[in-house]
Amino acid sequence: MQLKFGSHPFIIASSVKTAKQILKTQDLNFASQPKMAAGKYTTYNYSNITWSPYGAYWRQARKMCLMELFSARRLDSYEFIRVEEMWAMLHCLFAASGETILLEDHLSTVILNVISRMVLGRKYAEESAAGHPIVTPEECKRMLDELFLLNGVLNIGDYIPWIGFLDLQGYVRKMKKLSKKFDRFLEHVIDEHNERRRSVKGYVAKDMVDVLLQLADDPNLDVKLSRTSVKAFTQV
């Protein structure tokens, strides 16, 4: 069954046979994501694996994720981080014994801390005693919440392109504003990592940004990873 959402045709696969045709037999014809405003404005012009079109860049990105960033060996090496953050959360809960707490806040913080340490090398979702942080914990959480929200909104301009410039819902404006915040933050993260890598001879990657920067230095990659690509993958 075919539907029309604005200017775009959509196909509804309502049987196993049709789904097989789309997902297997004609897979390459349906592999790419449609080009939405969220992919353009929040992920460096479709530079991450979520929004990039199928092709050499996407295949390399998928290989990097499977073999380097999210391999079983790599994830096992971060087990100590997960254990430390779990115990830190339990200590916080114990310290709040007898008080009313919102468990959701503690759980979201521990998840953010684990991801932040695995990907960025340190926590950005907690207060830091080391000077003025590039983002406050509240800003970090707000940015991530807004990123999830804006990547899932129904933007009218995506479906009726000829009125897209009007930005009737204000989503594109918010996407552009958020993109600037993320870029400032990720530039800081990459500069920190490059400075650390240069200061140590034979430096061994300690987090996922380190791995991405090492891959960007690899002359044998089929598609060269730019600084923008590294930022886009870090964001994912």
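Colleague: How many of the nine residues of α11 are buried?

Modeller: This is a predicted model, in which local features need pLDDT of at least 70 and side-chain atom pairs count only at pLDDT 80 or more, while totals for chains, interfaces and linings use all residues. Residues are numbered from 1 along each chain as its sequence is written, and side-chain values use heavy atoms, with hydrogens and water left out. Helices (H or I, at least four residues) and strands (E, at least two) are DSSP runs numbered from the N terminus, and a residue is buried under 20% relative accessible area, exposed over 50% and partly exposed in between, for a 1.4 Å probe and protein chains only. Helix α11 is largely enclosed by the rest of the structure, because the number of its nine residues that are buried is eight.

Colleague: What covers the buried residues of α11?

Modeller: The buried residues of α11 are M208, V209, D210, V211, L212, L213, L215 and A216. Their cover, judged by contact (heavy atoms within 4.5 Å), includes α4, α5 (72-77), α7 (103-120), α10 and α12.

Colleague: How many charged residues does the contact of α4 with α11 have?

Modeller: From α4 the contact draws on M64, E68 and L69, and from α11 on M208, V211, L212 and L215. Nonpolar here covers Ala, Val, Leu, Ile, Met, Phe, Trp, Tyr, Cys and Pro, charged covers Asp, Glu, Lys and Arg, and polar the others, Gly among them. By class, the contact has six nonpolar residues and no polar ones, and the number of charged residues is one.

Colleague: Which residue forms a salt bridge with R196?

Modeller: A salt bridge is a side-chain nitrogen of Lys or Arg within 4 Å of a carboxyl oxygen of Asp or Glu, and by this rule the count comes to twelve. For R196 the closest N and O atoms are 3.5 Å apart, and its partner is D210. The pair links distant parts of the chain, 14 residues apart, with R196 in helix α10 and D210 in helix α11 (residues 208-216).

Colleague: How far apart are the closest N and O atoms of K231 and E187?

Modeller: E187 also forms a salt bridge with R227, at 2.8 Å between the closest N and O atoms, and this pair links helix α10 (residues 171-199) with helix α12 (residues 227-235). E187 is partly exposed at 23% relative accessibility, while K231 is buried at 5%. For the salt bridge between K231 and E187, the closest N and O atoms lie apart by 2.7 Å.
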